[in-house]
Amino acid sequence: MISQNIWQGRLDGEELLFHRIFQRVKEETHYDTISTNDYVLHGFAVDEGVRRNKGRLGAKDAPDVIRKNMSNFPVILPDFSLLDFGNLTCEDGDLETAQNNLAKNVSKVLLKGGKSIVLGGGHEVTYAHYLGIRTAFPEQKIGIINIDAHFDNRQPESGVGASSGTGFWQIAQEGEINSLHIGIQRNSNTLKLFDTAHQLGMKYILADELFFENLPSIYQRINDLLETVDFAYVTVCMDVFNASIAPGVSASAYNGIFADPTFMHFYRHILKSEKIVALDVAEVNPSLDIQERTARLAACLVNEWFMV
């Protein structure tokens, strides 16, 4: 369920030219209502994977806060439609069931021609979101662009199970992985995780490589991935960003990247691809946020997809 009065904002008028997102959202429960190219939203109000990964809890409370920060953006495209199917939760620490439930719903969205948006929650959302895409398109080649400081390719610990740090290891166990990880930090990943990335064929761009003069190379590496897949999915872990603009995350980064022109250039380039069918933002932790900066940034990143 969605908390009451989340979708609200400045009402300038009822004509289309005045519309803001809150005026175009429909809260839904029936997947038969989805039309081709509708944006379809689920909240993944879960941080059990963060707990298992020994992180700071609180991300499960993020979906409604991000919704609130999305509400007042102006609608740019006249045929924009956003259907909100509420939040999924994790009962009794059963992360695997929560992930499977999200995957089933995402699959329904994609099979109806919708575009899937998920608001995390911890980055355990990655495996769930990917599983939904794979369920919908079992014979297609799926690419993943992960904007993150971390590889999240740890092998699950015995007795603990999957976590927010195991998603890409889990994905790789199901077949060839086609991924590009942007913003990887050397001081956030052990040599073992770098080695695992190489062993699994996970391509990556270090945070230190994300400067304006390097944009042609970044574009090329993004294009190299997109040209070889049938569908693509973008996942943004908010801990990739500098702590000054994203303080509300499980693992803040003093040397994280900024949402500067270099980032926005390549991020918008990614979203312009017609192969993108799914997007999520993860690891916003409202209990650690300052003036909702992190939630606002996450909302802005989702809104970028609404404008291409």
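This is a predicted model: local features need pLDDT of at least 70, side-chain atom pairs count only at pLDDT 80 or more; totals for chains, interfaces and linings use all residues.

Visitor: At what angle do helix α7 and helix α8 pack, and how far apart are their axes?

Guide: Helix α7 covers residues 215-226 and helix α8 residues 261-271; the angle between them is about 25°, and their axes are 10 Å apart. Angles under 35 degrees count as roughly parallel, so α7 is roughly parallel to α8.

Visitor: Is the crossing of α7 and α8 left-handed or right-handed?

Guide: The crossing in which α7 passes α8 is right-handed.

Visitor: How should I read α3 and α4, and at what angle do they cross?

Guide: Read the angle and the axis distance together. Helix α3, residues 95-111, and α4 cross at roughly 40°, and their axes come within 7 Å. The two helices are therefore oblique to each other. In handedness, α3 passes α4 in a right-handed crossing.

Visitor: Which residues of α3 and α4 meet?

Guide: From α3 the residues are Gln99, Asn100, Leu102, Ala103, Val106, Ser107, Leu110 and Leu111; from α4 they are Val125, Tyr127, Ala128, His129, Leu131, Gly132, Ile133, Thr135 and Ala136. By class, this contact of α3 with α4 has 11 nonpolar, six polar and no charged residues.

Visitor: Staying with α4, how many of its residues are buried?

Guide: Burial is read from relative accessible area, and buried means under 20%. In α4, 10 of the 12 residues are buried, and the helix is mostly covered. The buried residues are Val125, Thr126, Tyr127, Ala128, His129, Tyr130, Leu131, Gly132, Ile133 and Ala136.

Visitor: What distance does α4 reach from its first C-alpha to its last?

Guide: Compare the end-to-end distance with the expected span. Helix α4, residues 125-136, reaches 17 Å, close to the 16 Å expected at 1.5 Å a residue.

Visitor: Which residues of α2 are buried?

Guide: Helix α2, residues 62-70, is mostly covered, with eight of its nine residues buried. These are Ala62, Pro63, Asp64, Val65, Ile66, Arg67, Asn69 and Met70.

Visitor: At what angle do α2 and α9 pack?

Guide: The angle between α2 and α9 is about 65°, and their axes are 8 Å apart. The contact is formed by Val65, Ile66, Asn69 and Met70 of α2 with Ala295, Arg296, Ala298, Ala299 and Val302 of α9. By class, the contact of α2 with α9 contains seven nonpolar, one polar and one charged residues. In this pair too, α2 passes α9 in a right-handed crossing.

Visitor: Let us turn to the backbone. What should I look for in phi and in the peptide bonds?

Guide: Most residues other than glycine have a negative phi, and most peptide bonds are trans. Begin with a peptide bond: the one joining Gly120 and Gly121 is cis, with omega about 15°. Gly121 lies in the loop between β4 (115-120) and α4.

Visitor: And phi: what is its value for Asp152?

Guide: Asp152, a residue other than glycine, has a positive phi near 50°. Asp152 sits in the loop between β5 and α5 and counts as buried, at 9% relative accessibility.

Visitor: Is Gln291 buried or exposed?

Guide: Gln291 counts as exposed, at 70% relative accessibility. Its phi is also positive, near 55°, and Gln291 is located in the loop between β9 (276-282) and α9 (293-305).

Visitor: Which residues does Ala162 touch?

Guide: For such a list, set aside the sequence neighbours. Not counting residues up to four places away in sequence, Ala162 touches Arg52, Leu95, Glu96, Pro156 and Gln170. Ala162 is placed in the loop between β5 (142-147) and α5 (167-172), and it is buried, with a relative accessible area of 8%.

Definitions and conventions. Residues are numbered from 1 along each chain as its sequence is written. Side-chain values use heavy atoms; hydrogens and water are left out. Helices (H or I, at least four residues) and strands (E, at least two) are DSSP runs, numbered from the N terminus. The expected span of a helix is 1.5 Å times one less than its number of residues. Buried means under 20% relative accessible area, exposed over 50%, partly exposed in between (1.4 Å probe, protein chains only). Axes are lines fitted to C-alpha atoms, for helices over the stretch in contact, and angles run from 0 to 180 degrees between N-to-C directions. Angles under 35 degrees count as roughly parallel, over 145 as roughly antiparallel, 65 to 115 as roughly perpendicular and the rest as oblique. A crossing is left-handed if the near helix is turned anticlockwise from the far one by less than a right angle, and right-handed if clockwise. Contact means heavy atoms within 4.5 Å. Ala, Val, Leu, Ile, Met, Phe, Trp, Tyr, Cys and Pro count as nonpolar, Asp, Glu, Lys and Arg as charged, and the others, Gly among them, as polar.
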